[in-house]
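Good morning. Please have the model open while I talk, and I will go through it from the chain as a whole down to one residue.

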Amino acid sequence: MRLTCEFVPKTLQNKGLSVMLKGRMWSLISRTVKEINGYKCVVCGDCFWLITHEIWEYDDEKLVQRLAGFMTLCSLCHRVKHMQGSLLRTGRDWNKICYIRKFMRINGISWGECKSYLEAKLREWGVRSTKNWTIDYGVFGKHIRVEVPAIRTNWLGNYMKVEKSESRKFGKVGMWENYYREIWDIVH
Ligand SMILES: [Zn+2]
Ligand SMILES: [Zn+2]
């Protein structure tokens, strides 16, 4: 698959490197990754609204989430990458259909394959979300904040409460399933 989805377990939300790094380190990393990737999306080559995505690996036996690298994605591929959050965020339904269509097109897969992939991801996410994970930030470990910031700014510089966005975006697994079903009905 050229573009996979990443469903970050509930217990690990808002603990990514971009949130947890002190000072301006994240913007430095982000700029460097974009430069290395030639200022374009590594999946589709688009260069509009580039985002540095953190690649995480999951050791389901040791319960360790490990930072495995970074990649530059255009904003649409990044929405697809975080399909779970993208489908639940406020926005127009046609945008959400667009995420699913992009996912199918870029991977050259059918609707049925897309559906079973997302369902499997959702099941995996449900199991992982019940576990207590340790986060391995690798070489960045020593630059991590001791406490999770209660409030952070979004890309517009507006303050938003982390707890509020968490409950909105990452609700119960049951709620998820209902939502997916709704979206799938429209796309199909
Ligand atoms: Zn892209
Ligand atoms: Zn990302």
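From one end of the sequence to the other, the protein chain reads α-α-β-β-α-α-α-α-β-β-β-α-α. That comes to 8 helices and 5 strands. Helices here are DSSP runs of H or I with at least four residues, strands are DSSP runs of E with at least two, and both are numbered from the N terminus.

This is a predicted model, in which local features need pLDDT of at least 70 and side-chain atom pairs count only at pLDDT 80 or more, while totals for chains, interfaces and linings use all residues. Residues are numbered from 1 along each chain as its sequence is written, and chains are lettered from A and ligands numbered from 1 in the order in which they are written.

The protein chain has 188 residues, and 18% of them are buried. A residue is buried if 20 or more other C-beta atoms lie within 10 Å of its own, exposed if 12 or fewer, and partly exposed in between, with C-beta atoms placed from the backbone.

Next, contacts: two residues are in contact if their C-beta atoms, placed from the backbone, lie within 7 Å. Of the contacts between residues at least 6 apart in sequence, 69% join residues at least 24 apart.

Now the sheet. Which strands form it, and in what order? It is an open sheet of 3 strands, ordered β1-β2-β3, with mixed pairing. Strands count as paired if DSSP finds at least two bridges between them. The edge strands, each pairing on one side only, are β1, residues 51-59, and β3, residues 134-136.

Take the antiparallel part. β1 and β2 run antiparallel and are joined by 9 bridges; H53, for instance, has M71 in β2 as its bridge partner. The two strands form a hairpin with 4 residues between them, and L63 in the turn has a positive phi of about 55°.

Last, one residue in a loop. I144 lies between β3 and β4, where β4 is 151-153. Is I144 buried, exposed or partly exposed? I144 counts as partly exposed because it has 15 C-beta neighbours inside 10 Å. Leaving out residues up to four places away in sequence, I144 touches M20, L21 and Y137. G23 is 121 residues from I144 along the chain, yet their C-alpha atoms are separated by 9.9 Å.
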